[in-house]
Amino acid sequence: MKNSEIRKLKMQLVLVGGLFVFCIATAIVIVNNRPFFEKYLLEKYKPLPTNLIPLAQKMEKTGEVPEVFGRLTEKQQGAFYEHWMTLAEVEKDTPKMLVSVAPSLHIARVEQTLVCGSQEQRTRALRFVELGFVELGFESALVQSGSGVSTNNSEVLSMLGRIDGWATRRRLSSFRTEVDETIVALKQ
Amino acid sequence: MRDSVASRKAGRPPEVRLVDRMLHGLGVSARPYRALLQAYLIMDFRNQQYGRVTYSNPKDIFTPLFWVTGQNLLISVFLSALLFARVDAFFFALMALGASALVIVTSIIVEFNEVVLDPSDLEIIGHQPVPVRTYSAARVTNLLVYVFYITLSTSIVPAIVGMGLRDASWWFFPTFLLAAFACNLFASGAIIVLYAWMFGGRPGESLQEILAWTQAALMFLTFYGGQAVLRDTNDRLEMLAYHLPEWVAYTPLAWMADFVISSEGGFAVTKWWIFAASVPAAIGVWGIALWRLSLAYSRLQPGRTAWQRTTVRPLSQPGTLGGAFAKLVTRLHEERTAYWLCSTMLRRDQNLRMRSWPSLGIVVAFVALGLFSDQLDDPTVTTGRAAIMSLACIYLLSIPIPTIIHNLRFSREHAASWILYASPIENRAAFCEGLRKAITYRILLPVLVVLFAVFAFRWQNPLVALLHAFVGWLVIQGTGYGCAAAIMRKLPFTSPLGRGESLGPIAPFAAAVSSVAGLLATIHYYSARIPAAFAAYIASLFVLVLILRWLARRITDRRYAVRGPA
């Protein structure tokens, strides 16, 4: 076909129409492959920095939070949460210790995991809430907190309430059930 | 029956006559209206501003409209794929509607001449018996078709992809398209009112040229922004969608997005009143736009076609070329002349600017990516991915240099290059050195200074930042000398630009520059944490630059002395 014929209005319309058809087909492929896209929705955790490993080992050994932990930056404190999330098996004491020092930080961090994490990460984050806030008892967490951070049980409940509403809107029914169970446990 | 017989006799179907009657009722002459509209629709395929940006020539197979449609569709595909499954339906609709409105507003400004108000129309149809009302009707119909088309190209993909979101139903498709048309009609009407009324005319040529790149910039943004989102360990996009700032709820785009997501429950629960309220708003804005445009059309007078700026800035006085900084960085007067010529052309020639600046975009993108994904750390203290972007930013400074130096060959005013050939330039090698210095000091040095500031702020160590900026300076100098030796073979601004010539001929050299930069970055990475090794690396790089400088001078001296410029 000659270039002059391709440049005619009818052929140009066919070319532009072809573009539209191609992109519409791509859109349909995207719509039909939601699981593929959801597979990549997960939090990426960095390994615990080498200078914080001795502190983590000390916490595991003694079951208490050293005073130096309170002087760490929020990013460094958050690294311990990420480290706990990557452990092969659930370690039960760390959440209590972390929450006792920085409850608000960990409520925010859990909320982020519940929004941006994979299904497994969300389940693990809810387990963190149970271990940190339910089993310890929130009043105890306040008493142990020496950093002057004040929060209360309603902050966790409020966060879980927001997540519950968000999960309802996004039709994540099984996740919503898990959140509801955690709320019930927390209220008890 | 009588009508259909009459229409058959007239050779037209009955519906055409109905349209004619409607047009007649509006005071519009049907025949010139149809002829004008057809001409305008065909001209839409040849829009000039986008033609310049997409480097489309009149004889190219693909028209500028094809490329613009492709860009719009690609932006919407990238954006939809990026947001799909990651955010909720409200945020998805908000972003897609916002991107569509941004594209339509910039398109209207860029294509103001072609689709809104073209004074040159008067020269073509001024002597024809076309009433102002008919002309206005044809122009406005064409404008509406244009708005419809651009809206469709930016909205069709998000409308389909949105149906697949967890919190959306198939109602997303029609409601999103309705919302997009309502938003874009309002936005386009508002921008026309703004220019036709408040600014009293048409947008400036510079603004049009800059905004013509909006689509390209949006593609760039969605591509690199998408990478940033995928690399972001803090999940900022998802958290932004989860915790939207309160003020967003008070914007018209949020109202329309609310209308779109309310359709999830079906027709009955959809907030149709939001859409219904947007219709009179769009009609109102368009009413004002039509009023102002009709006035503008009626005021079109012969001789007012010279709206384009024809005057240029006054030249410097003889003997004062370039200013104090040029005197500081240049030695011979040939160098200073070339420095001044290059600086002036970069300031004046928008085509040259637009061919040169985008190549710097990759450095800006990597700095932004590095800041966003926490990979812009100090290479002397950090290992692994955390320092990769810092090194990439330094060595990517070499990538734009071949492109910019090569593009100095071309000019729209190349026919005037005889002045350059006839001018008394005794030392043409020094003249070329002046060009290299202009690129180095006018374009890359400011980028390097910004990079130094970012490093110093990020690393909290100005000395190390300065050391890395020095390495960046050596990279720029070395690449500049390499380019002078390898690709600076003609006097500047002496060739016309053909399709593909702005990059094609230097592709192998550019690939070689990239490879050497990659190799140097690797050596830098491994030597950075060992002070002795790092010092040795910088010293070696310095020696390499000196060798390249000597080589470049020798080659350019010989090139211009023996053969003269080709």
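Analyst: B:E264 and A:R171 form a salt bridge, with their closest N and O atoms 2.5 Å apart. The term stands for a side-chain nitrogen of Lys or Arg within 4 Å of a carboxyl oxygen of Asp or Glu. Across the interface of chain B and chain A, two salt bridges are found by this rule. Please keep in mind that this is a predicted model, where local features need pLDDT of at least 70, side-chain atom pairs count only at pLDDT 80 or more, and totals for chains, interfaces and linings use all residues. Residues are numbered from 1 along each chain as its sequence is written, chains are lettered from A in the order in which they are written, and side-chain values use heavy atoms, leaving out hydrogens and water.

Six residue pairs, both at pLDDT 80 or more, are in polar contact between chain B and chain A. Such a contact is a pair of N or O atoms within 3.5 Å; within protein, one must be able to donate a hydrogen and the other to accept it, and residues adjacent in sequence count only if both atoms are side-chain atoms.

On the chain B side, helix 5 (64-83), helix 9 (132-162) and helix 13 (236-242) each supply at least two of the residues that touch chain A. Helix 9 of chain B gives the most, with seven residues. Helices here are DSSP runs (H or I, at least four residues), numbered from the N terminus. By type, the chain B side has 23 nonpolar, eight polar and 12 charged residues.

Stepping back to the whole contact (heavy atoms within 4.5 Å), 43 residues come from chain B and 37 residues from chain A. Together the chains bury about 3800 Å², with 65% of it on carbon and sulfur atoms. That area is the accessible area (1.4 Å probe) that two parts lose on being put together, summed over both.

How far can you trust chain A? Its mean pLDDT, the predictor's confidence in each residue from 0 to 100, is 81, and 88% of its residues reach 70 or more. Confidence in chain A is highest in helix 2 (residues 9-31), at a mean of 90, and lowest in helix 9 (residues 138-144), at 47. Where pLDDT is low, the predicted coordinates should not be read in detail.

As for the folds, chain A has 11 helices and zero strands, while chain B has 26 helices and zero strands.

Conventions
Nonpolar A, V, L, I, M, F, W, Y, C, P; charged D, E, K, R; others polar.
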